[in-house]
Amino acid sequence: MAYILLVEDNQANADMAIRILNSADYEVKHCVRALEGAQMARRERPDVILMDYDLPDLDGRTMTLLLKKQLRPNPPPIVAVTARTGVNEMRLAENYGFDAFISKPFLPDELIDIIKQVLQIPPTTAT
């Protein structure tokens, strides 16, 4: 079972993501601040980090840049989670080192698909 660290300050958004991920058999730990998330990431080495863009102590973009350096040589994939949309936002996220991008609100299948993508799990095919 993959371990996902969710860094999200909006409790309603966090609760929804946790329910979706738990129902897909992922272990999820949640924190509301970027610096707390960085400590957890360094200590526990999650398989994936879901990072909100706008956090109360430090923005998720800057935190992602720092984590990519601190968790070398094999940092986990970090997914940008934001209400911002558009190609420019996706490019900006890529420039900050995010491995994937998902806009809020998202559908459960979208979140699971992003997790599978960054974990490099082949998609399941319907029979």
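Biologist: Gladly! At what angle do the axes of helix α2 and helix α3 cross, and how close do they come?

Modeller: This is a predicted model, in which local features need pLDDT of at least 70, side-chain atom pairs count only at pLDDT 80 or more, and totals for chains, interfaces and linings use all residues. Residues are numbered from 1 along each chain as its sequence is written, and side-chain values use heavy atoms, without hydrogens and water. The axes of α2 (residues 34-44) and α3 (residues 60-70) cross at roughly 20° and come within 11 Å.

Biologist: What makes α2 roughly parallel to α3?

Modeller: Angles under 35 degrees count as roughly parallel, over 145 as roughly antiparallel, 65 to 115 as roughly perpendicular and the rest as oblique. The crossing is at roughly 20°, so α2 is roughly parallel to α3.

Biologist: Which residues of α2 and α3 meet?

Modeller: Contact means heavy atoms within 4.5 Å. Ala34, Leu35, Ala38, Ala41 and Arg42 of α2 meet Met63, Leu67 and Gln70 of α3. These residues divide into 6 nonpolar, 1 polar and 1 charged.

Biologist: And the sheet: why is one side of β2 and of β5 left without a neighbour?

Modeller: The 5 strands form an open sheet with parallel pairing, in the order β2-β1-β3-β4-β5. Strands pair if DSSP finds at least two bridges between them. β2 (27-31) and β5 (100-103) stand at the edges with a single partner strand each, so one side of each has no neighbour in the sheet.

Biologist: How do you know that β1 and β3 pair?

Modeller: β1 (residues 3-7) and β3 (residues 48-52) share 4 bridges in the parallel sense, and at least two are required. Leu5 stands opposite Ile49 in β3.

Key:
Axes are lines fitted to C-alpha atoms, for helices over the stretch in contact, and angles run from 0 to 180 degrees between N-to-C directions. Helices (H or I, at least four residues) and strands (E, at least two) are DSSP runs, numbered from the N terminus. Ala, Val, Leu, Ile, Met, Phe, Trp, Tyr, Cys and Pro count as nonpolar, Asp, Glu, Lys and Arg as charged, and the others, Gly among them, as polar.
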